[in-house]
Amino acid sequence: MNVLVCISNVPDTTTKVKFTDNNTRLDTAGIQWVINPWDELSLTRALELKDDASTGVKQVSVAHVGPVSSEPTIRKALAIGADNAFRVNVEPADAYQVAAALAEVVKAGQFDIILCGIESSDYNGSNVGSMLAEFLDLPSVSAISNLKVEGGQAVITREIDGGKEVVVVPSPFVGIVQKGIAKEPRIAAMRGIMMARSKPITVLEAPAAEALSSFVAYEPPQPRAACKFIDPENAAQLIEMLQNEAKVI
Amino acid sequence: MSVIIYAENWDGKFKKLTFELASYGAKVAEMLGTSLVAVSIGKVEESELKKLGKYGVQKVVTTDHELLRHLDSKAYTSLIARVAQKEGAKVIVMASNNAGKSIAPRLSVKLKAALGSGVNKLPLTTEPFVVSKKVFSGNAFAHLLLNTEVKIITLMQNSFDLAENAVEPVIENFSVELDGAEVKTVVKDVQKHEGKILLTDAEIVISGGRGMKSADNWQPILELAELLNAATACSRPVSDEGWRPHEEHTGQTGKIIAPNLYFAIGISGATQHLAGVSSSKYIVAINSDKSAPIFEAAQYGIVGDAMKVLPKLVEAVKEIKTK
Ligand SMILES: Cc1cc2nc3c(=O)[nH]c(=O)nc-3n(C[C@H](O)[C@H](O)[C@H](O)COP(=O)(O)OP(=O)(O)OC[C@H]3O[C@@H](n4cnc5c(N)ncnc54)[C@H](O)[C@@H]3O)c2cc1C
């Protein structure tokens with residue numbers, strides 16, 4: 001069994017985001033790029049499955065859509081433990097283009113399980129995984145909080161609105177993972193970093209797929225009203241204010 | 001021409017979220033000068049379907065099939081695509097929840113329709129069609145141009161007020177022929193969170209952080225939640241420690257919620273936590289450290305020991321509830 005993990009790179013989650021060009025473009029100056037947190041977790045889970053011989057997972061590959069400048073992100077995934085990588089050489093403008101590009105990677109290889117994160121922490125789209133599945137006409141399962149492989153079959157726990165379901169789908173399929181899939185992201189050890197240098201990155205050209213949407217402007221969130229402090233000895237006053245002033249209870 | 005909403009049901013019933021979508025769809029239809037159609041999949045009684053009319057739905061296209069009792073993103077997508085084509089949909093609206101997030105992107109590819117996901121208000125303009133959505137986990141809003149003939153929107157829960165606009169809807173049955181080969185997702189087991197108020201549905205949420213010190217200290221939070229008809233939540237370290245279940249974890253890597261009132265108790269207010277709760281209408285912070293960043297996000301704050309403050313709040317709520 002082969003697993004493909006799709007990874008995007010995003011600004012470090014503590015970045016103070018700023019915009020330039022009259023608030024039409026993200027100011028990338030000084031941004032630290034990291035692997036999207038969910039993609040890091042899905043990579044971790046894929047590697048855990050590979051470590052367990054009973055799953056039959058033999059290879060874990062990663063795929064990234066982006067220009068050559070994003071290769072450090074790919075090397076990081078290789079250092080964490082992926083066996084090889086694919087990069088589709090395009091600066092994508094929307095999720096549709098990303099998914100179209102990832103579909104080329106899937107077609108170029110032999111993958112049984114294709115994993116994507118539930119969203120990227122920059123544009124918060126939650127789009128790529130399901131779009132990819134539709135491009136490939138494959139089944140997709142979203143909001144996966146647990147993934148096992150038993151007897152050559154993926155056994156999935158997914159969150160539904162109001163509970164959980166255990167489901168199976170035939171391979172290949174696209175799994176869109178969320179919290180719970182792995183506990184802590186794996187980090188690269190020195191040996192992994194050394195080995196990553198010689199692992200192959202296959203570069204593919206982007207398919208002809210135009211973007212369907214584009215960001216035209218950004219605005220900072222509305223500043224909130226200053227906090228009103230209530231004396232801890234008089235906590236009942238808070239309840240009174242929530243009831244009569246904010247009118248929320 | 002029409003605007004279409006996907007009216008999801010839970011065990012045959014709609015909920016506030018469904019009516020928010022209908023209210024939103026009705027407004028978008030009005031902006032475009034067209035009518036509003038709802039698609040319902042699964043077993044829903046006619047009397048329930050008719051409730052959509054109260055919020056401006058003029059026509060309900062309903063379909064039920066044994067194989068569609070559980071979400072199969074591919075099969076649901078092709079079904080909604082067929083209805084959209086039949087009804088000449090210009091805009092398709094779904095909830096930004098698990099179901100919406102797994103259907104809308106597939107539909108976007110199938111119909112080659114631009115998708116705006118996690119939209120938080122009405123389109124800013126319809127010519128060109130521009131929507132607003134949260135980006136960078138709540139640190140900014142973006143204006144997104146949807147540049148295709150047909151557009152798809154997923155709407156954030158609790159971001160649009162219900163608006164009544166009663167009409168008598170036409171109910172139309174849409175029959176589908178399906179065989180097992182088209183529905184790939186086989187459900188082996190279902191666990192429902194019975195009787196609990198869902199975190200994403202709740203108007204009031206009481207959330208505890210590492211400052212609560214241990215799982216044993218949760219009793220007053222549970223009591224407060226019970227009294228206020230609220231859901232309970234927690235910060236990430238709390239669910240990592242196993243003090244509370246994973247479903248309660250809010251924040252960038254957990255649930256994103258937008259209740260009317262969010263209590264952050266013993267939570268420092270890290271950006272990753274705020275990413276999940278910053279759309280709350282009111283945030284109340286209770287923290288022993290007066291310089292905790294949570295107070296910058298909160299409108300009401302108490303600087304104090306949660307263990308001492310919580311019992312007082314419980315008493316005060318009991319007091320108003322008995323009045
Ligand atoms: C990639 C990434 C993603 C993350 N995603 C999330 C996420 O989704 N959600 C999330 O929550 N975190 C997330 N985090 C973690 C986040 O950075 C913080 O570490 C976390 O939110 C802190 O949780 P906390 O506020 O409960 O704990 P702490 O930061 O330890 O804060 C505890 C607070 O309790 C107060 N306190 C202590 N004792 C008392 C008392 N007796 N009474 C009242 N107050 C008291 C303290 O003053 C302190 O402010 C993420 C981190 C990373 C790197």
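Student: What stands opposite Ala217(A)?
Tutor: His143(B), in E8(B), is opposite Ala217(A). This is a predicted model, where local features need pLDDT of at least 70, side-chain atom pairs count only at pLDDT 80 or more, and totals for chains, interfaces and linings use all residues. Residues are numbered from 1 along each chain as its sequence is written, chains are lettered from A and ligands numbered from 1 in the order in which they are written, and side-chain values use heavy atoms, leaving out hydrogens and water.

Student: Which strands pair there, and in what sense?
Tutor: Strand E14 (residues 213-219) of chain A and strand E8 (residues 140-146) of chain B are antiparallel, over 6 bridges. Strands are DSSP runs of at least two residues, helices (H or I) of at least four, numbered from the N terminus; pairing takes at least two DSSP bridges between two strands.

Student: How many residues are in contact between the chains?
Tutor: 88 of chain B with 74 of chain A, contact being heavy atoms within 4.5 Å.

Student: What about salt bridges, how many?
Tutor: Between chain B and chain A there are 8, each a side-chain nitrogen of Lys or Arg within 4 Å of a carboxyl oxygen of Asp or Glu. Among them is Asp137(A) with Lys74(B), whose closest N and O atoms are 3.4 Å apart.

Student: Which helix gives the most to chain B's side?
Tutor: Helix H4 (residues 98-111) of chain B, with 9 residues touching chain A.

Student: And how much area is buried?
Tutor: About 7,200 Å², with 58% from carbon and sulfur atoms; that is accessible area (1.4 Å probe) lost on putting the two parts together, summed over both.
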